[in-house]
Amino acid sequence: MSQLPVIVGFGGISPAGRASFHHGYRRLILDQLDSNSRRETLLDLGVLMGLASFGDGSYLNADGDRIDAEELAAALEPAVRNNTLIRRIHPDWFDVHAVTFNRPASIEGSDGQLRFRLRRRQLPAQIPANWQISEVEGGQYDVVVQGACDLIFHDTKEAQVQSAGMLPTGFEPGRLYQSRNHPRGLQMAIYAASDALSSVGIAYNEILKHLAPDQIAVFASNSIGQLDDFGFGGLTKFPVLGKRTTSKQMPLGYAQMPADFINAYLLGNVGTTGGALGACATFLYNLKSGVDAIRSGQCKLAMIGGSDAPVTPEVIEGFRAMGALAEDKQLAALDGLDSLSDDDYRRACRPFGENCGFTIGESSQYLVLMSDDLALELGADIHGCVPDVFVHADGHKKSISAPGIGNYMTLGKSAALVRSMLGEESLRQRSYVQAHGTSTPQNRVTESHVINEIARAFDIRDWTVSAVKAYLGHSQGTAGGDQIMSALGTWRYGYIPGLTTTPAIADDVHQSHLNFSLAHQQVGSSGMDSVMINAKGFGGNNATACVLAPHIGEQLLERRHGKAAMQAWRERREAVRERAAAYDQQSIRGLARPTYLYDHQVLAGEDLAISDHQIELPGYANPISLDLDNPFKDMC
């Protein structure tokens, strides 16, 4: 019997803000919220961005004056709207008017000789053959170059791409813990994973009492590693710039670090770990690892995550050179403009409309999955279920970046699973698609064809399609996490976010069986039974996750465990929800801090109690069993 993986906690940080308790989702539908939810999310973002604070029982504005929460939220709203979601790149990231772009040159003196003076430490280790050097006073050297001298002039240029989905301006995750020169993506991972774990409402030490240490797993990564100056970005460019390579840039640049950091500094995990990479499908690849591990009984608790921070000049230039990003001049041409305003930058990403390229984004998202029996035993809240994730490659390709056939299989299998589990009517009437929706001309045609043909095959007449990248941009490997967070919010607040940045659906988009809503679509908190989380990735990395609504999860679990067990679970859940809500209030006020356990209860081999039947670890209530079944009994 397969265990059903259920989502019992979620958290993160994206251009929309904090993910837990749906605050990031709320930012997407801010105008549709009730007054209390709207106020809380504005306060949460305002404090997160450093525009307000909380102390001695009341809120304080930026000047330190005490202020009523309602009044403060209203005052914060313009700044919150202007400094979240997709927008023009802020100087906190880099100066779009002065992006470093050095120029190589070969120079020589007018008389064939070039003369200059250098300090000893500035001399090259290998003196060129056409240099003559002589020492002068003060540790300096006169240099005479016969003929040409190659050098690089420091230069800057205007960025051709000036829009991005950035974390809320003013939020710096590294200030919340001892970040020790961590790359930005790992700072975000510490914050996001802590947020997810705290959102569960059950202390991790309490969860551990119910598990053996090897019944826990972490599957997390990103698609391209840490590419800022503290990671691989600095590692590759510092020697060319004459800067010293540090001891941390190499190890902290690896793409599996969003799992390694969580194991080492948050959970102290000794169970299964791994980081799958698959371009835009990376988050869903890791989700598949977690789902498979829980369904097979390999583990009972799995943290799934991703963290990408690609808003750097180098990464943007790389994608721009591919022709993948929406350049300013192209955006202006779409609307017949001479120049772009701040509002125009906010509409840079237009899934399934007339568009010209994707918009880069940054995000870190984590899910906490449990087996259904553990969730019921602990009284954990259930926000959704993930019965399966389907992955397929594209087969033979002409170009590695060209779309292929794999996505038809992943989406088709996901739809078939919903039909098998919930029936034809549920699939046709109460399911929808969270599309990859990158806002490129090629994607709008190819992905719409995939979704439309699967809808046609399953006789779905009007399949609703949403695309959260319209608000957040493309966070690369973490994009699937962004899509899931939006879907979880729909089941709480009843709105599927519309393609509000898309003026109209493009003529070449396939839509005979689809519904591309340009406005938020109200469906009710139980109006949708399932959602297909779709990823159509570079290089032929396709994945579709089938996620079921919490009300469906409860129905399924009642059939398995019975009404009495479910009633007992609901009673236990009340206290869990209270503790989770208390964490939310602490976070809204800016009083919660990420968990970062550096040099905490580090174990060595001498600390273990090892026998031929089990291994006992100090600090863990239960041992790791070595009494393993032979999986090949028919062969042995």
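A crossing of two helices is right-handed if the near helix is turned clockwise from the far one by less than a right angle, and left-handed if the near helix is turned anticlockwise. In this predicted model, the crossing of H14 and H16 is right-handed, while that of H2 and H3 is left-handed.

**Helices H14 and H16**
- Helix H14 spans residues 406-422 and helix H16 spans residues 441-457; their axes come within 10 Å and cross at roughly 35 degrees.
- On the H14 side, the contact is made by Asn407, Tyr408, Leu411, Gly412 and Ala415.
- H16 contributes Thr446, His449, Val450, Ile451, Glu453 and Ile454.
- Sorted by class, this contact has six nonpolar, four polar and one charged residues.

**Helices H2 and H3**
- The axes of helix H2 (residues 35-48) and helix H3 (residues 69-82) come within 8 Å, crossing at roughly 65 degrees.
- From H2, the residues in contact are Arg38, Arg39, Leu42, Leu43, Leu45 and Gly46.
- From H3, they are Ala69, Glu70, Leu72, Ala73, Leu76, Glu77, Val80 and Arg81.
- The class count for H2 with H3 is eight nonpolar, one polar and five charged residues.

- Met322 sits in the loop that runs between helix H10 (313-321) and helix H11 (328-334).

Technical notes. Residues numbered from 1 in each chain as written. Predicted model: local features only at pLDDT ≥ 70, side-chain atom pairs only at ≥ 80, totals over all residues. Heavy atoms only, no water. Helix = DSSP H or I, 4+ residues; strand = E, 2+ residues; numbered from the N terminus. Axes fitted to C-alpha atoms, helices over the stretch in contact; angles between N-to-C directions. Contact = heavy atoms within 4.5 Å. Nonpolar A, V, L, I, M, F, W, Y, C, P; charged D, E, K, R; others polar.
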